[in-house]
Amino acid sequence: TATEPADAKAKQTGEYQVLARKYRPTTFSGLIGQEALVRTLTNAFASNRLHHAFVMTGVRGVGKTSTARIIARALICIGADGKGEPTTEPCGVCDNCIAIAGDRHVDVLEMDAASNTGVDNIRELIDGVRYRPASARYKVYIIDEVHMLTSQAENALLKTLEEPPDHAKFIFATTEIRKVPITVLSRCQRFDLRRVEADILAAHLKKISDKEGIAVSHDGLALIARAAEGSVRDGLSLLDQAIVQSGLTGDEVTAEQVRTMLGLADRVRLIDLFEHAMGGDAKASLLAMRAQYDDGAAPEVVMGDLLDICHEVSRAQTLGEDAAFDFAPDQISRLRGLGETFSAGQLTRAWQILMTAHGEVRRAPVPLAAAEMALLKLALAGQMPPPELAAQIIRQAQKLESEGGAGLPQLTSSAPEKSGNASAQRPTSSSLSSSHGASP
């Protein structure tokens with residue numbers, strides 16, 4: 001299953017093995033968050049409708065290569081008695097399963113296309129396709145990062161991929177599916193692996209931390225799952241790092257330790273910071289930013305988190321009670337309150353400012369300075385009228401001007417006229433639009 005060590009060699013030698021390798025899934029039941037893929041492949045094996053070529057695509061760390069290896073095991077497993085047929089539940093004890101687990105099966109060839117991009121590499125592969133497998137029922141070719149192949153290499157592969165021998169199976173994996181030619185994709189069954197949802201990933205991390213005998217707080221696991229952005233491998237790597245936080249004492253790893261490790265700011269303090277800036281309080285914004293920086297929060301991470309807060313407040317405002325949040329109940333009530341306080345125009349304006357600031361902070365020689373200047377800009381925008389009000393004023397001025405100026409206010413200049421003409425000048429819509437921003 002997904003929470004059982006997959007590499008027996010590391011257990012025998014006693015060497016430490018990173019969690020991402022130690023708990024790599026070896027069966028379809030071990031894949032998490034990929035129900036559609038598992039259901040389709042299970043039905044294909046059950047009905048004996050096995051395609052000769054598969055392509056797995058998705059972001060890093062969601063299980064593309066792991067799925068390819070599981071398919072290879074499923075195709076050539078012969079069962080404990082040596083008489084088994086292709087199955088979605090490989091036995092793990094037959095010679096074929098053991099050889100694949102040890103990366104030494106002669107009929108399962110795994111190639112990294114990033115290192116073997118040329119046509120000569122593909123021609124060597126094609127030359128071997130016509131020979132029957134040495135010991136298994138199929139010859140399985142796993143090509144990782146297939147989008148890295150050159151055009152000549154892809155063209156050389158096409159004919160074999162379209163009409164391969166009965167004993168040959170191809171499994172491709174890529175993170176850049178759009179770079180793979182349609183001529184290749186049309187010859188394969190495509191599977192899009194999804195990002196794993198945060199709650200599913202957190203539950204998976206909890207099982208693994210229990211297996212390791214390390215206690216990690218629920219909030220700490222939730223922070224890791226969110227930081228992983230749907231990648232199981234990223235989540236396991238972060239969990240590996242978080243476990244070290246307990247040291248030799250074996251104490252529970254707290255959310256605060258995880259937050260410090262990730263360079264994150266507390267969500268409550270982030271909401272406070274967002275509220276200060278949106279309300280036009282520049283001083284409070286800078287003090288809050290400096291306090292979070294002193295506590296270890298990275299400025300670019302704070303900018304990214306403020307973007308998330310802005311997005312969630314906008315969702316709360318638009319969706320109302322239908323909006324679902326991954327926040328604590330008290331934080332959700334604050335998000336809804338901010339959605340009622342600020343208009344849609346103000347939130348969109350804040351989003352644009354923060355989006356620009358996020359890139360600038362990452363490129364700036366002094367990220368903290370760039371973050372503080374961005375907050376000053378956001379606070380200044382918070383002192384201005386909502387964009388909806390500005391548009392309304394301009395429309396009213398244009399309407400009155402088109403009606404001949406009836407009802408327009410007459411303004412007199414307090415400064416002496418150089419021309420000697422003391423008559424008041426009628427404001428135009430352009431002068432109103434340029435001056436309305438000064439009003440609180």
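**The aromatic cluster and its setting**

Guide: Tyr-141, Phe-170 and Phe-172 form one aromatic cluster. This is a predicted model, where local features need pLDDT of at least 70, side-chain atom pairs count only at pLDDT 80 or more, and totals for chains, interfaces and linings use all residues. Residues are numbered from 1 along each chain as its sequence is written, and side-chain values use heavy atoms, with hydrogens and water left out.

The structure holds four aromatic pairs. Phe-170 and Phe-172 have ring centres 6.3 Å apart and planes at 40°, so this pair is tilted. Rings of Phe, Tyr and Trp (its six-membered ring) pair if their centres lie within 6.5 Å; planes under 30 degrees apart are stacked, over 60 edge-to-face, and the rest tilted. Both Phe-170 and Phe-172 are buried. Buried means under 20% relative accessible area, exposed over 50%, and partly exposed in between (1.4 Å probe, protein chains only).

Now the wider chain. Buried residues make up 45% of its 440 residues. Its secondary structure comes to 20 helices and five strands. These are DSSP runs numbered from the N terminus: helices are H or I with at least four residues, strands are E with at least two. Among contacts with a separation of 6 or more, 73% join residues 24 or more positions apart. Contact means heavy atoms within 4.5 Å.

Phe-325 lies between helix 15 and helix 16 (329-341). Phe-325 is buried, at a relative accessible area of 16%. Beyond its neighbours within four places in sequence, Phe-325 contacts Glu-312, Arg-315, Ala-316, Ile-332, Leu-335 and Arg-336. Phe-325 and Leu-335 are ten residues apart along the chain, with C-alpha atoms separated by 9.6 Å.

The largest pocket has about 980 Å³ of space. Of its 31 lining residues, the closest to the centre are Arg-226, Ala-227, Glu-229, Asp-305 and Asp-308. On a 1 Å grid over the protein atoms alone, a pocket is an open set of points where a 1.4 Å probe fits, with protein on both sides within 12 Å along at least five of seven lines; lining residues have an atom within 4 Å of a point. The volume is the space filled by probe spheres set on the points, which are joined across faces, edges and corners.
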